[in-house]
Amino acid sequence: MRIGFDAKRLFNNFTGLGNYSRTTVSMLIHHCGLEDLCLYTPKIKPCPATQPFMDCRNINVVTPPPYAIGSLWRTYNLGRQLHNDNIELFHGLSNELPTGLEKHGIRSVVTIHDVAFKTFTDMYHFHDRVIYDAKWRHACRCASRIIAISESTKRDIIRFYGTDESKIDVVYQPVDTLFYSSPDLLESRRLAATAIPGLPADFMLYVGSVNSRKNLMGIVMAMELLPSSLRIPLVVVGGGGYYKKKVREYISSRGLDDLFIFPPRVESNRELQSLYACARLFVYPSFYEGFGLPVVEAMLSGCPVLTSNVSSLPEAAGPHSLLASPNDIESIAECIEKGLADERLRESMIQNGRDYALRMFNPANISHQLVDVYNLAMEQ
């Protein structure tokens, strides 16, 4: 089977969708031995994360001809390109598919990550919401098979696009292979202190974009309710705009600056893993997630998790994490207190959480599930 992938995010995005694309293609080569894969991208941003895909002998990287406009080529001309390249199956890794695949007899799979633009409309401009909706709707209608990265996302696809349930396969999101190796605690402490000079011995951790959906304000307000003996700092790893500014202003207005650390950036997944490994508790009471990747990264790194009891987060966190209502500040505070004060519970969460993550999000299993979806698409 000759497979093509939409690799725009793989080569140009270095957060969620880009990480998913890179990890997925790498897993398929490593665990399933797939060869002669074609990655289609309108442009390439050279960097260490993308160079292995340029150098891999099993991968052909295809860009538009010099006279083409990349965005138009990716949407409207890629079908013809795929046909000329003898592609039998195309996987849209980031919520969308080019037009014309059916006309050229090319089977297709699309991964739908979330429909946040429908559930958190205030975070998206109207024009963007219209464009996203059109792309998602086209992909759900035209794909041979749809991959949802959680049961929660599957329910959202059915709810918003009326898609037949039998067309959707749930395949959980893969995590960067680094996180499956158990970190050495002494080395992690050294790396964490290098990444964030002056990092205290005891701290909690938040990882993710700082926006209204992720609910950092809920954590801040919950920390105000904690007894003074449990008020250890929260390290916030993630960029943000207006909402982050609003949260920081609230922190200052309440005299809480000493309880929050906003590092300028974390340079690598190795440094991020070290922060997870050293943190007393990972706190992530998001209102909505397609999957909740940081939750799984934390568990794999040996960090107990507190997250939300809504959306996909109970799936990602499993039965050994603390779940709070993201709308209930007291619930978040109670869970933080429990996660910090009960040492026996923490140790149980660390061991059982890692075991759950290794079992549920095993990269070899996920890779073979993807290939099963490809085979189903080819049979239809």
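What is the volume of the second largest pocket? About 440 Å³. A pocket here is an open set of points on a 1 Å grid over the protein atoms alone, where a 1.4 Å probe fits, with protein on both sides within 12 Å along at least five of seven lines. The volume is the space filled by probe spheres set on the points, which are joined across faces, edges and corners.

Before going on, this is a predicted model: local features need pLDDT of at least 70, side-chain atom pairs count only at pLDDT 80 or more, and totals for chains, interfaces and linings use all residues. Residues are numbered from 1 along each chain as its sequence is written, and side-chain values use heavy atoms, leaving out hydrogens and water.

Back to the pocket. Its lining has 23 residues, with Leu185, Arg189, Ala277, Cys278 and Ala279 nearest the centre; a lining residue has an atom within 4 Å of a point.

Now salt bridges, meaning a side-chain nitrogen of Lys or Arg within 4 Å of a carboxyl oxygen of Asp or Glu. The whole structure has 16. One of them pairs Glu289 with Lys214, at 2.9 Å between the closest N and O atoms. The two sit in separate loops, so the pair ties together parts 75 residues apart in sequence. Glu289 is buried, at 6% relative accessible area, and Lys214 is also buried, at 8%; buried means under 20%, with a 1.4 Å probe and protein chains only.

Another bridge joins Arg254 and Glu224, at 2.7 Å. Arg254 is partly exposed at 49%, that class running between the buried limit and exposed, over 50%.

Methods. Helix = DSSP H or I, 4+ residues; strand = E, 2+ residues; numbered from the N terminus.
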